[in-house]
Structures are given as C-alpha cells and as structure tokens.
Amino acid sequence: MSHTILLVQPGARAETRTYCDYESVNECMEGVCKIYEEHLKRRNPNTPTITYDISQLFDFIDTLMDISCMVYQKSTNTYAPYNKDWIKEKIYVLLRQAAFSPNA
C-alpha cells in the first residue's frame, strides 16, 4: 500500500486543477475510472446503463490537459511522480486482473 495523490487538470485554465488522495495505486486507478464514469453520466443523463471499453477510457485520459500521480516511496520517504502513460499502464493491468479474476 503506497499513498497516492492523483493530480488532474481537465481544462486549459488553472482553476480546473484538482487532486484526490488514495491509500494505494490500485484505489487511485479505480478513482480515475470513476472520474470517467461520472463524465459519461453527465454527458448521458438519460441512459440507465453506461458501458465503455478501455480504449474509450484511454481516449478520455488523453483529452485531459494534465493528469499525473505522486506515489509515496517508503524507502526514501518521498513522493515519485508518474505521467499519463504510467497511469494508463496501471489501469490496463488493474482491469486485466479484474477481467481474469475468478470473482469477476
């Protein structure tokens, strides 16, 4: 478990910047998925069930002005920065594990 801070700037204006913190990298990646799901709900308010695939999620991530993570490194007592590509890789691994989980 590594404390993770998600930094997001969806638009060009600095006022759109926000952050969330999570107890682990996986929780953070689930949080990114939830941000996209909320975006879809706002865009499709009358659709009872919303589905998407990973390529649509990655396209959404690419439309964000900026998104990055700061992950706590216990060995150095510091936070290490990670970019969009790292986030997409971690989401891919998380969703792949979920898809092949016996409980899925």
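Predicted model: local features only at pLDDT ≥ 70, side-chain atom pairs only at ≥ 80, totals over all residues.
Colleague: Why is S68 called buried?

Modeller: S68 has a relative accessibility of 15%, and since buried means under 20%, S68 counts as buried. The residue sits in strand β3, and, not counting residues up to four places away in sequence, S68 touches I5, L6, L7, Y82 and I87.

Colleague: What makes up the largest nonpolar core, and which residues have the most contacts inside it?

Modeller: That core has 22 residues, and those with the most contacts inside it are L6, M29, I67, C69, I87 and I91. Two or more residues each are given to this core by β1 (4–9), α1 (25–43), α2 (54–63), β3 (66–73) and α3 (84–100), with the largest share, 7 residues, coming from α1.

Colleague: Which residues are in contact with C69, leaving aside its neighbours within four places in sequence?

Modeller: With those neighbours left aside, C69 is in contact with T4, I5, L6, C28, M29, A80, P81, Y82, W86 and I87.

Colleague: Why are α2 and α3 described as roughly antiparallel?

Modeller: The two helices pack at an angle of about 160°, with their axes 11 Å apart; because angles over 145 degrees count as roughly antiparallel, α2 is roughly antiparallel to α3. The crossing in which α2 passes α3 is right-handed.

Colleague: Which residues make that contact between α2 and α3, and how many of them are nonpolar, polar or charged?

Modeller: On the α2 side the contact is made by I54, L57, F58, I61 and D62, and on the α3 side by K84, K88, I91, Y92 and L95. By class, the contact of α2 with α3 has 7 nonpolar residues, no polar ones and 3 charged ones.

Colleague: How do you know that α1 and α3 are roughly perpendicular to each other?

Modeller: Their packing angle is about 95°, and their axes are 10 Å apart; since the range from 65 to 115 degrees counts as roughly perpendicular, α1 and α3 are therefore given that description.

Colleague: Which residues of α1 and α3 meet, and what is the make-up of the contact by class?

Modeller: From α1, the residues V25, N26, M29, E30, V32 and C33 meet W86, I87, K90, I91 and L94 in α3. By class, the contact of α1 with α3 has 8 nonpolar, 1 polar and 2 charged residues.

Notes. Residues numbered from 1 in each chain as written. Heavy atoms only, no water. Core = buried A, V, L, I, M, F, W, Y, C linked by side-chain atoms within 4.5 Å. Buried < 20%, exposed > 50% of the residue type's maximum accessible area, 1.4 Å probe, protein only. Helix = DSSP H or I, 4+ residues; strand = E, 2+ residues; numbered from the N terminus. Contact = heavy atoms within 4.5 Å. Axes fitted to C-alpha atoms, helices over the stretch in contact; angles between N-to-C directions. Parallel < 35°, antiparallel > 145°, perpendicular 65-115°, else oblique. Left-handed = near helix turned anticlockwise from the far one by under 90°. Nonpolar A, V, L, I, M, F, W, Y, C, P; charged D, E, K, R; others polar.
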